[in-house]
Amino acid sequence: MDDHSRGAGYYGAAGSKEGRGPTWVNAIALLVWLVAGSIAFLPFALDTSPWNAVTLRVPGNQGNWWHVLVGAPFFLAYPMIWLRLRLFFRAQPSTPMERRLIWSAVGLSIVGTILVQVPFLLHLAGTSEWQRLSVLSLGFGIVVASATMLFLRRRHISPTWACLLGLDTAYLANTALCLVVYSGATGNIWSRSGWVVSMVIIWPIASELLWFFVETFRTQGQISLRAT
């Protein structure tokens, strides 16, 4: 009974700290996501930004549902910035209502990313085979891998940490897909500056996602040692 109480107490203590992490990690993550927030308004390809895509201001009046679904997930950077600011300043990480809103946005983004891949799945996108396979592998692979890990480790991840992981996953899956699709776009550096910046920040975001999972296993190891 005493061992069980100590174990339960430690779970509660660990859960209250999850999602915050070291200050320097939060500082770097906040900087990365501030840069990510700017990408929503930077031209990603052909002088067209995610904001242009969402508002259907695409060259040649070719804007459609596909562009909206591709552009919208870039705005997930803003709830992530808000959440990171609260973690950085040690405020209350999140409330149940706020988490429900975040998960709603994450869910819609992931559904949108899956729909975006339908033309590639049906060989209707007009891309090369390697691009098709890359888009499908990254889009589905990131979502499936993260969802699986989140399900398996759900008891060892705090609600706020889970939100961070969900936002990372949804943003990363869509951005990786866009980087492949628009890798061959023509134009100068400025006309595709969003693509260039995304190529830089996608690595720390992927590293952050991996760090989340590693941290849950490390925390679980500490809990097991303390419980014994």
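## The loop between helix 2 and helix 3

Leucine 46 sits in the loop between helix 2 and helix 3, and its phi is near 55°, a positive value in a residue other than glycine. Aspartate 47 is also placed in the loop between helix 2 and helix 3; its phi, near 60°, is likewise positive in a residue other than glycine. Helices here are DSSP runs of H or I with at least four residues, numbered from the N terminus.

This is a predicted model, in which local features need pLDDT of at least 70, side-chain atom pairs count only at pLDDT 80 or more, and totals for chains, interfaces and linings use all residues. Residues are numbered from 1 along each chain as its sequence is written, and side-chain values use heavy atoms, with hydrogens and water left out.

## Helix 2 against helix 5

Helix 2 (residues 23-39) packs on helix 5 at an angle of about 155°, with the axes 9 Å apart. Axes are lines fitted to C-alpha atoms, for helices over the stretch in contact, and angles run from 0 to 180 degrees between N-to-C directions. Helix 2 is therefore roughly antiparallel to helix 5 (angles over 145 degrees count as such). The crossing of these two helices is left-handed, a term for a near helix turned anticlockwise from the far one by less than a right angle.

On the helix 2 side, the contact (heavy atoms within 4.5 Å) is made by residues including Ala27, Leu30, Trp33 and Leu34. Helix 5 contributes, among them, Met80, Ile81, Arg84 and Phe88. By class, the contact of helix 2 with helix 5 has 13 nonpolar, 4 polar and 1 charged residues. Ala, Val, Leu, Ile, Met, Phe, Trp, Tyr, Cys and Pro count as nonpolar, Asp, Glu, Lys and Arg as charged, and the others, Gly among them, as polar.

## Helix 9 and its partners

The axes of helix 5 (residues 77-88) and helix 9 (residues 159-181) come within 10 Å and cross at roughly 150°, which means that helix 5 is roughly antiparallel to helix 9. Helix 5 passes helix 9 in a left-handed crossing. Residues of helix 5 including Leu83, Arg84 and Leu87 meet residues of helix 9, among them Leu164, Asp168 and Tyr171. This contact of helix 5 with helix 9 divides into 9 nonpolar, 1 polar and 2 charged residues.

Helix 8 (residues 129-152) and helix 9 have axes that come within 8 Å and cross at roughly 175°, so helix 8 is roughly antiparallel to helix 9. Among the residues that meet are Trp130, Leu138 and Ile142 in helix 8 and Leu165, Leu172 and Val180 in helix 9. The contact of helix 8 with helix 9 holds 14 nonpolar, 5 polar and no charged residues.

## The largest pocket

About 320 Å³ of space lies in the largest pocket. Of its 19 lining residues, Thr48, Val58, Trp66, His67 and Tyr182 are the closest to the centre. On a 1 Å grid over the protein atoms alone, where a 1.4 Å probe fits, a pocket is an open set of points with protein on both sides within 12 Å along at least five of seven lines; lining residues have an atom within 4 Å of a point.

Helix 3 (50-54) and helix 4 (65-71) each supply at least two residues of the lining. Helix 4 gives the largest share, 5 residues. The lining of the largest pocket has 13 nonpolar, 6 polar and no charged residues.

Conventions. Angles under 35 degrees count as roughly parallel, over 145 as roughly antiparallel, 65 to 115 as roughly perpendicular and the rest as oblique. Grid points are joined across faces, edges and corners, and a volume is the space filled by probe spheres set on the points.
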